[in-house]
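Student: Hey, I've just opened this one and I'm new to it. Can you walk me through it?

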Amino acid sequence: QSFFRPFEGVRDVLRVISWILMLFYASLLRYGLTLFYCRNDPSGIHVVDSYPHIECPSSLSSGGSEWQQLLAPALVYLLCLVMFCSGMTTFAVCAASQAMLKAKMVHRGAWSHLLSGYRDAYIYWPICIMAKDTLINLLPIVLKDRG
């Protein structure tokens with residue numbers, strides 16, 4: 001019991017970070033996908049929507065050198081964000097489920113702050129909401145040429 005006392009501050013910091021990441025997950029994901037939202041500018045060049053000076057890849061070109069330089073950091077950011085947030089949320093749901101079983105449905109355990117807005121029967125909903133946010137952010141990229 002006393003061995004873990006110095007780590008309680010770290011656990012509190014992780015709890016705050018996890019709560020912030022879940023709260024702003026859709027915005028952070030949208031920010032990471034900015035490089036992939038492309039459009040045609042008035043001169044017909046395929047450019048990044050938020051940064052029109054960066055040329056996107058198209059059927060005629062492989063993209064500008066600036067876009068290619070930004071691709072690797074963007075992919076690393078997105079991979080870390082999606083893997084960490086989905087892993088943390090899944091862990092929180094599993095930990096809360098186990099804590100509820102051990103406590104005979106009295107409390108949800110240490111990760112209950114992420115699940116406080118959900119009834120006991122629906123504590124898996126944060127995973128569904130994250131999947132929805134991911135899908136909503138990816139659809140414009142996947143369906144960009146379909147109208």
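Tutor: Helices here are DSSP runs of H or I with at least four residues, strands are E runs of at least two, and both are numbered from the N terminus. Bear in mind that this is a predicted model: local features need pLDDT of at least 70, side-chain atom pairs count only at pLDDT 80 or more, and totals for chains, interfaces and linings use all residues. Residues are numbered from 1 along each chain as its sequence is written, and side-chain values use heavy atoms, with hydrogens and water left out.

Student: Okay. Is Thr134 buried or exposed?

Tutor: Thr134 is buried, because its relative accessible area is 18%. Buried means under 20%, exposed means over 50%, and partly exposed is in between, using a 1.4 Å probe and protein chains only.

Student: Which residues does Thr134 touch?

Tutor: Tyr25 and Leu29, not counting residues up to four places away in sequence. A contact means heavy atoms within 4.5 Å.

Student: And what is Val82 in contact with?

Tutor: Tyr25, Leu29 and Gly87, leaving aside neighbours within four places in sequence. Val82 sits in helix α3 and is partly exposed, with a relative accessible area of 27%. The C-alpha atoms of Val82 and Met130 are 9.1 Å apart, though 48 residues separate the two along the chain.

Student: Let's stay on α3. How many residues does α3 have?

Tutor: It has 38, covering residues 65–102. From first C-alpha to last, α3 reaches 56 Å, close to the 56 Å expected at 1.5 Å a residue. That expected span is 1.5 Å times one less than the number of residues.

Student: Where does α3 bend?

Tutor: At Leu71, by about 30 degrees, and a proline, Pro73, follows within four residues. The bend is the angle between axes fitted to the seven residues ending there and the seven starting there.

Student: Which α3 residues are buried?

Tutor: Among them are Trp67, Leu78, Leu81, Cys85, Met88 and Ala92. In general, an α-helix has 3.6 residues a turn, so residues three or four places apart point the same way. Just after α3, Lys104 takes a positive phi of about 55 degrees.

Student: Switching topic: how many salt bridges are there in the whole structure?

Tutor: Two. The term means a side-chain nitrogen of Lys or Arg within 4 Å of a carboxyl oxygen of Asp or Glu. Asp49 pairs with Arg39, and their closest N and O atoms are 2.8 Å apart. Asp49 is in the loop between β2 (46–48) and α3, while Arg39 is in strand β1 (residues 38–40), so the pair ties together parts that are 10 residues apart in sequence.

Student: What about Asp133, which residue does that one meet?

Tutor: Lys132, at 3.1 Å from N to O. Asp133 counts as buried at 14% relative accessibility, whereas Lys132 is partly exposed at 41%.
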